[in-house]
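Here is a short report on one protein chain. Look at the sequence and the model first, then read on.

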Amino acid sequence: MSSTLTVRPVQPEDYAAWRPLWDGYNAFYGRFGATALPEHINATTWQRLLDPAEPVFCLVAHDAAGGKILGLAHYLFHRSTTRIDPICYLSDLYTNEAARGRGVGRALIDAVYSAARAAKASRVYWQTYETNTTARLLYDKMAKHHGSIVYSQEL
């Protein structure tokens, strides 16, 4: 990782750099074109990330040398029925394609781990597609895969 890379909380002036990363993340998961998120969801997500009263947070990886934001991590804390301490869900992680392989994803995950420790969380977890082999090379080094299968139902 470059010594000019820092991970920090997102700031209001980061919107222009955050949005293409957010759009790239959504496109990876099939949310683009006719299936893109409605604009009011994108706007509400951005507002939540900046609102200290909201339980969702955003970290960005910033390359001071290039002056660019190269990646994002959205995470939140919640209670669990099997633990007393809160747990942290790493909801979204995305790195600019041109910056992949440079330690950006690792730096973002490490920063989420630090935020979770500071919040006295006992666990950080996330999910990805089984076919996301490139990201899973990193994830397998940073956490344990427990073999979970995710089910969901739109309501």
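## Fold and overall shape

This model is predicted. The chain has four helices and five strands. Their order along the sequence is β-α-α-β-β-β-α-β-α.

Along the principal axes, the C-alpha atoms fill a box of roughly 45 × 40 × 35 Å. Of the contacts with a separation of 6 or more, 62% join residues 24 or more positions apart.

## Surface and charge

The accessible surface of the chain is about 9,800 Å². Carbon and sulfur atoms account for 55% of that surface. Of the 155 residues, 37% count as buried.

The chain carries 16 positive and 14 negative charges. Their mean positions lie 7 Å apart.

## The nonpolar cores

In soluble globular proteins, nonpolar side chains tend to be buried together. Here, the largest nonpolar core has 26 residues. Cys88, Leu90, Ile109, Val112 and Val124 touch the most other members. Two or more residues of this core come from each of β2 (56–63), β3 (68–78), β4 (87–95), α3 (104–118) and α4 (133–142). The largest share, eight residues, comes from α3.

What does Leu90 contact, leaving aside its neighbours within four places in sequence? Its partners are Ala73, His74, Tyr75, Ile109, Val112, Val124, Tyr125 and Trp126. Another core, of 14 residues, lies apart from the largest one. Leu21, Trp22, Leu49 and Tyr94 are among its members.

How values were computed
Residues are numbered from 1 along each chain as its sequence is written. This is a predicted model: local features need pLDDT of at least 70, side-chain atom pairs count only at pLDDT 80 or more; totals for chains, interfaces and linings use all residues. Side-chain values use heavy atoms; hydrogens and water are left out. Buried means under 20% relative accessible area, exposed over 50%, partly exposed in between (1.4 Å probe, protein chains only). Contact means heavy atoms within 4.5 Å. Accessible areas come from the Shrake-Rupley method with a 1.4 Å probe; for residues, only the protein chains shown count as cover. Lys and Arg count as positive and Asp and Glu as negative; His and the chain ends are not counted. The place of a charge is taken as NZ of Lys, CZ of Arg, CG of Asp or CD of Glu. A nonpolar core is a set of buried Ala, Val, Leu, Ile, Met, Phe, Trp, Tyr and Cys residues joined through side-chain atoms within 4.5 Å.
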